[in-house]
Amino acid sequence: MPHHGGQFFDDDLTGRKLYDRKLIGWLMRFARDYRGLIILATLLLLLTSAGQILFPYLEKFAIDRYIVKNYRLLENISPQDSLLKEYEKQITVIQDTIYFINFNRLSHPERVALEREGIVSDTGYILGDIAGNREKLEILKKHRKSFIFDRKHFAAKLSAVEKIPKEELRILRIEDLKGIVRLTIIFFIVAFLVFIFQFAQVYSITYVGQKVMYNIRQTLFEHMLSLSLRFFDKNPLGRLVTRCTNDVNALNEMFTSVITSVFKDIFIIVGLAVVMLVLNWRLALVSFTLLPVIAVSYTHLRAHETPEHLVCRL
């Protein structure tokens, strides 16, 4: 443990580096006995961060797949066109000769390329499955002018769908409603798992923090008992008590809250960055242009805030 002789503990605080490798190494000695729990807490933190990243992706999936469908009619396409093979998984065929492509499942460059070639309609369509549902067939026959359909699928312009009565539209989109219900259940399951993981992570890291703080206090107390009486004459008792209580509590806060929050934020930021790059790397790079501005602003603020904080602490 660092020994300060007969000087006050805070005399040279303003000139001391914020990050002291030797001091951090000395503190880490107390955490070595709890490496297993620390590793467990880190894994739980990763799982919690992954769950929080999954929430917006589930929302995106629900909107693109079940709520706001965006199909486009392929125009001037023959059955032998290579485009049909290239986008086979994104294309739905109605009446054997009418082709619709799911724009929500295409990347931005693919959408732009198809629009430039002029082979997709400007109007959006909504598609659905019939699967032999007689009730759906009756509704489609009733609104024959608004729909394109066969025995398997139906399609309609988004503008035409708005004119369909809500009750009939609910029947036509029953599969979409069921899909939303399934995603809602998955959402709550993920939320529950995130809660369990977060509870276990907080419990384990708090347990480690309390154990580490107990050991530090024991070491400090034993060290103070070994000091000479001259040391206690030259250092105020209140300051010594502060070092053994308040400062140790601050270290506990660092272990249980600050470090956890920092790592959690890092995991979430990195995860979101990866998801953004996968979904649309061009738009992601545009968003990342703000990072240097944020970094410079933070560095400037930190350079002015830290000395003032140390002076106030004195």
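Select Tyr125 and Lys157 to begin: Tyr125 stands opposite Lys157 in β6. You're looking at a predicted model, where local features need pLDDT of at least 70, side-chain atom pairs count only at pLDDT 80 or more, and totals for chains, interfaces and linings use all residues. Residues are numbered from 1 along each chain as its sequence is written, and side-chain values use heavy atoms, with hydrogens and water left out.

Now widen the selection to β4, residues 120-129, and β6, residues 153-157. These two strands run antiparallel and are joined by five bridges. Strands here are DSSP runs of E with at least two residues, helices are runs of H or I with at least four, and both are numbered from the N terminus. Two strands pair if DSSP finds at least two bridges between them.

How many of the residues of β4 are buried? Seven of its 10 are, so to speak, under cover. Buried means under 20% relative accessible area, using a 1.4 Å probe and protein chains only.

Next, pick β1, residues 71-74. β1 pairs with β4 in the antiparallel sense over three bridges, and Tyr71 has Tyr125 as its bridge partner in β4. β1 is also joined to β3 by four bridges, again antiparallel. Click Leu74 and you'll find its partner in β3, Tyr99.

Stay with β3, residues 98-102, where five of five residues are buried. Which residues point which way? Ile98, Phe100 and Asn102 point one way, while Tyr99 and Ile101 point the other.

Thr92 has Phe100 as its bridge partner in β3. β2 and β3 form a hairpin with three residues between them, so go and select Gln95 in the turn, which has a positive phi of about 60°.

Time to zoom out. The whole protein has 12 helices and six strands. Its C-alpha trace spans about 100 × 40 × 35 Å along its principal axes. The radius of gyration, taken over C-alpha atoms, is 32 Å, but a compact globule of 314 residues would be near 20 Å, by a rule of 2.2 Å times the number of residues to the power 0.38. Of the 314 residues, 32% count as buried.

One last stop is the contacts, meaning heavy atoms within 4.5 Å. Among contacts with a separation of 6 or more, 73% come from residues 24 or more positions apart.

Definitions and conventions:
Buried means under 20% relative accessible area, exposed over 50%, partly exposed in between (1.4 Å probe, protein chains only).
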